[in-house]
There are 2 protein chains.
Amino acid sequence: MKNTPLILVSNDDGIDAKGVRSLIERLTPYGEVVVVCPDQPRSGQSMAITVNDPLRITPLEDFKGARMYKTSGTPVDCIKLAMHHILDRRPDLVVSGINHGTNASVNELYSGTMGAACEGCAFGIPSIGFSLTNHSSDADFEQCFRAVDTLVKEVLENGLPEGICLNVNIPDLGHTPEEMRICVPCQGHWNDEYREYIDPAGKKFYLLCGTFINDEPENEHTDEWCLAHGIVSVVPTSVNRKINIPKSLDWIKGISEKYKSL
Amino acid sequence: MKNTPLILVSNDDGIDAKGVRSLIERLTPYGEVVVVCPDQPRSGQSMAITVNDPLRITPLEDFKGARMYKTSGTPVDCIKLAMHHILDRRPDLVVSGINHGTNASVNELYSGTMGAACEGCAFGIPSIGFSLTNHSSDADFEQCFRAVDTLVKEVLENGLPEGICLNVNIPDLGHTPEEMRICVPCQGHWNDEYREYIDPAGKKFYLLCGTFINDEPENEHTDEWCLAHGIVSVVPTSVNRKINIPKSLDWIKGISEKYKSL
């Protein structure tokens with residue numbers, strides 16, 4: 001008989017966030033759950049790691065049967081510390097989230113939630129990041145549970161290919177969405193990204209804000225289209241970034257010769 | 001006649017690093033150079049952005065004809081602030097580096113140098129990250145100049161396809177490498193990533209260290225193989241992470257039905 005699956009949970013909103021607490025409760029029936037989260041919100045940390053500064057791990061009281069730890073590091077630090085200094089066996093699954101706010105489209109690049117999932121993936125462990133399109137600290141995460149159940153079951157059973165993890169976004173409908181689809185990340189960008197302020201000394205400073213612009217609103221294969229239509233989006237995401245060189249980059253094949261001739 | 005190219009320069013070792021100073025000197029003959037760097041070293045920042053905290057931009061004295069700014073943010077913040085609040089026209093090229101230390105293989109994921117290049121790429125601007133495989137603050141960057149010349153010339157002329165930037169690593173040979181090749185990122189991982197310490201109060205803390213393990217040392221198409229053989233590696237890197245679903249992930253095509261049936 002197979003051992004109980006070991007599920008490593010992390011997030012970027014910090015150990016006290018409602019999103020991760022909801023996720024933990026939903027995951028404990030699937031196996032042994034160990035939670036290693038940042039001790040404070042670390043949104044927008046992407047795959048950042050802590051270099052040169054000391055990192056600390058603090059064990060906490062169990063929560064709903066899960067072993068709990070907080071660290072002073074980033075989401076990626078949490079996964080690395082769990083792998084090297086907390087877990088005594090290799091996890092079968094890494095689950096990150098549930099994030100308070102969307103990580104669809106380009107947001108995935110900056111997301112600490114997806115940073116943790118990508119780090120699990122870089123360790124060769126099947127990894128999933130879940131996000132709900134609602135930033136509120138008090139958002140309703142129950143509407144995500146069918147997505148969590150579906151994907152956790154299937155990924156525990158089938159695994160994921162080396163170098164590929166899943167970026168799952170759930171639209172905030174106030175009830176469980178009726179549909180889930182495989183999508184591609186939407187092409188989009190942020191506009192007017194900073195608001196300018198003047199401090200009491202008369203000096204400018206800037207705070208991140210901005211509006212997301214969907215560059216392909218009619219493309220129904222994208223995660224943004226699905227979310228706008230009340231559908232859960234599942235984007236398989238590559239961590240190793242290998243590409244096939246497209247025709248428009250053919251010139252680069254001559255670069256060795258150019259280099260030699262310089 | 002075409003306008004003078006505008007080149008935006010950033011890095012993750014901070015505005016005072018020898019690597020970026022060497023790069024600036026080498027780039028000024030190619031166009032108008034504007035430099036926007038972190039005010040302190042921000043290694044390992046990946047594509048992290050500063051959320052909620054105020055960001056400041058400080059203009060500095062020109063250096064070798066380049067306009068100079070430092071910011072209190074990450075490498076990605078530097079690119080975003082440059083695009084929204086410093087530059088008065090769209091750059092033709094973003095160049096990041098020259099990093100003190102390798103960003104080959106999986107290191108690219110955590111690299112702030114590549115974070116800045118990827119952010120330039122996300123803005124749709126041809127972008128290149130340069131790194132020298134020597135961490136020393138006093139490393140010899142002249143050995144990188146032929147690589148910089150070759151790629152800056154070619155990319156200014158030919159551009160790069162949407163969503164693809166270049167991760168260029170130069171082996172530290174003590175002289176200009178004789179060869180440059182297009183590579184794929186090497187499969188590899190870090191081992192024993194943390195050293196454990198005990199603080200004066202008797203509590204444990206951890207510092208990042210570790211040894212890089214090359215999982216495919218015989219594969220001569222990888223960046224690590226090239227660097228080990230004294231060859232400059234050029235890895236075209238995808239920022240949008242779109243994938244074609246491989247056979248081993250075929251099961252996921254049935255996920256919509258599974259979700260409905262739950």
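User: Before we dig in, what makes two rings an aromatic pair here?

Analyst: Rings of Phe, Tyr and Trp (its six-membered ring) pair if their centres lie within 6.5 Å; planes under 30 degrees apart count as stacked, over 60 as edge-to-face, and the rest as tilted. Over all chains, the structure holds 4 such pairs. Keep in mind that this is a predicted model, where local features need pLDDT of at least 70 and side-chain atom pairs count only at pLDDT 80 or more. Side-chain values use heavy atoms, with hydrogens and water left out.

User: What makes A:F205 count as buried?

Analyst: Its relative accessibility is 16%, and buried means under 20% relative accessible area (exposed is over 50%, partly exposed in between; 1.4 Å probe, protein chains only), so A:F205 qualifies. A:Y197, at 30%, is partly exposed.

User: And why is the pair B:W190 and B:F212 called edge-to-face?

Analyst: The planes are 65 degrees apart, with 5.9 Å centre to centre; edge-to-face asks for over 60, so the name holds. B:W190 lies in strand β9 and B:F212 in strand β12 of chain B, so the pair ties together parts that are 22 residues apart in sequence.

User: How do you know that the charged end of A:R146 sits over the ring of B:Y259?

Analyst: A charge sits over a ring if NZ of Lys or CZ of Arg is within 6 Å of the ring centre and within 35 degrees of the ring normal. A:R146 is 5.0 Å from the centre of the B:Y259 ring and is listed as sitting over that ring.

Definitions and conventions. Residues are numbered from 1 along each chain as its sequence is written. Chains are lettered from A and ligands numbered from 1 in the order in which they are written. Helices (H or I, at least four residues) and strands (E, at least two) are DSSP runs, numbered from the N terminus.
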